[in-house]
Amino acid sequence: MKICFRSLSTDAFSDAERCFNWPNDCSTASFFSPNFPEPYPSQLRKLYQIFVPTATAITLVFNSPFEVEEKDTVFIGAGFQLPEDLEISSAIGDSFSFSGNQAPVSLTLESDVVWILFETDSSSELRGWFVQWSATTNPCVWEPCLNGGVCIPNFQANTYSCTCTSCFFGERCEFGKCFFFIAL
Ligand SMILES: [Ca+2]
């Protein structure tokens, strides 16, 4: 099956549900299809996105029940934008699609952004889906400490602190306090 998202940017979804910048302005740990566990609407095209700064991986776990009619589909992938031309397969690359009554097994994408696109056709609506997500974060992954400073992660708060070498100070060891004489 080949699905084309031609010129379909994520901005096109007025009712997109986003969990961005966790844990600062988003503590949502789950998403679900509209009306869950009552039947979802027909002719739906809804986008969900999770962005966890410093995440090295995001894991999705679907709860029971999982009921998606075979002509309706849950698409899942990594990245801020939906692919323009997505070759759908059950387990190739970073994009996945699911239908039926069998919840996908736990799905881990090695990215800081994950999107879920739920599309339904004009008939036969079932109960839908409920997904919980968790992220593996590393606040030091972008190497914030400069000039030889050592990054100390605080995983719970998703923050870091720097232990600077003797000649530097500042939140990121960005300021020098030693004078260096260079022999010419
Ligand atoms: Ca349907």
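**Entry 1: a first look**

I began with burial, and buried residues make up 26% of the 184 residues in the protein. I am working with a predicted model, so I note that before anything else. Next I looked up the secondary structure and found 15 strands and 0 helices. I then turned to contacts between residues at least 6 apart in sequence: 71% of them join residues at least 24 apart.

I went through some of the pairs one by one. β2 and β4 are parallel, with 4 bridges. Here E17 has Y48 in β4 as its bridge partner. β4 and β10 are antiparallel, with 7 bridges, and I50 is bridged to V114 in β10. β6 and β10 also pair in the antiparallel sense, over 6 bridges. In β10, E119 is the residue opposite T73.

I stayed with β10 to see how covered it is. Of its 7 residues, 5 are buried, and the strand is mostly covered.

Setting aside neighbours within four places in sequence, L117 is in contact with L47, F75 and L82.

**Entry 2: the four-stranded sheet**

I moved on to an open sheet of 4 strands, ordered β3-β11-β5-β9, with antiparallel pairing. β3 (30–32) and β9 (107–109) each have a single partner strand, so one side of each is left without a neighbour in the sheet. The twist averages 25° from one strand to the next.

Inside this sheet I checked β5 and β11, which run antiparallel and are joined by 7 bridges. The residue opposite V61 is Q132 in β11.

The loop between β3 and β4 holds P37, and the peptide bond joining F36 and P37 is cis, with omega of about 5°. N35 lies in the loop between β3 and β4 as well. N35 is not a glycine, yet its phi is positive, about 75°.

I found another cis peptide bond from S64 to P65, with omega near 0°. P65 sits in the loop between β5 and β6.

T54 is in the loop between β4 and β5, and T54 has a positive phi of about 75° although it is not a glycine.

Is N35 buried or exposed? N35 counts as exposed because it has 12 C-beta neighbours inside 10 Å, and a residue with 12 or fewer falls in that class. T54 has 20 other C-beta atoms within 10 Å, so T54 is buried; the limit for that class is 20 or more.

**Entry 3: the EGF-like stretch and F169**

I looked up the UniProt record, an unreviewed entry, and it places the feature "domain: EGF-like" at residues 136–174. In the model, the end C-alpha atoms of this span lie 28 Å apart. The span is 36% strand and 0% helix.

My last stop was F169, in strand β14 (residues 168–169). F169 counts as partly exposed because it has 16 C-beta neighbours inside 10 Å. What does F169 contact, leaving aside its neighbours within four places in sequence? I found C164, F175 and K177. I also noted G149, which is 20 residues from F169 in sequence and 9.0 Å from F169 in space, C-alpha to C-alpha.

Terms used:
Residues are numbered from 1 along each chain as its sequence is written. This is a predicted model: local features need pLDDT of at least 70, side-chain atom pairs count only at pLDDT 80 or more; totals for chains, interfaces and linings use all residues. Two residues are in contact if their C-beta atoms, placed from the backbone, lie within 7 Å. Two strands pair if DSSP finds at least two bridges between them. Helices (H or I, at least four residues) and strands (E, at least two) are DSSP runs, numbered from the N terminus. UniProt positions are given in the numbering used here, feature names are shortened, and annotations may be inferred rather than shown by experiment. Axes are lines fitted to C-alpha atoms, for helices over the stretch in contact, and angles run from 0 to 180 degrees between N-to-C directions.
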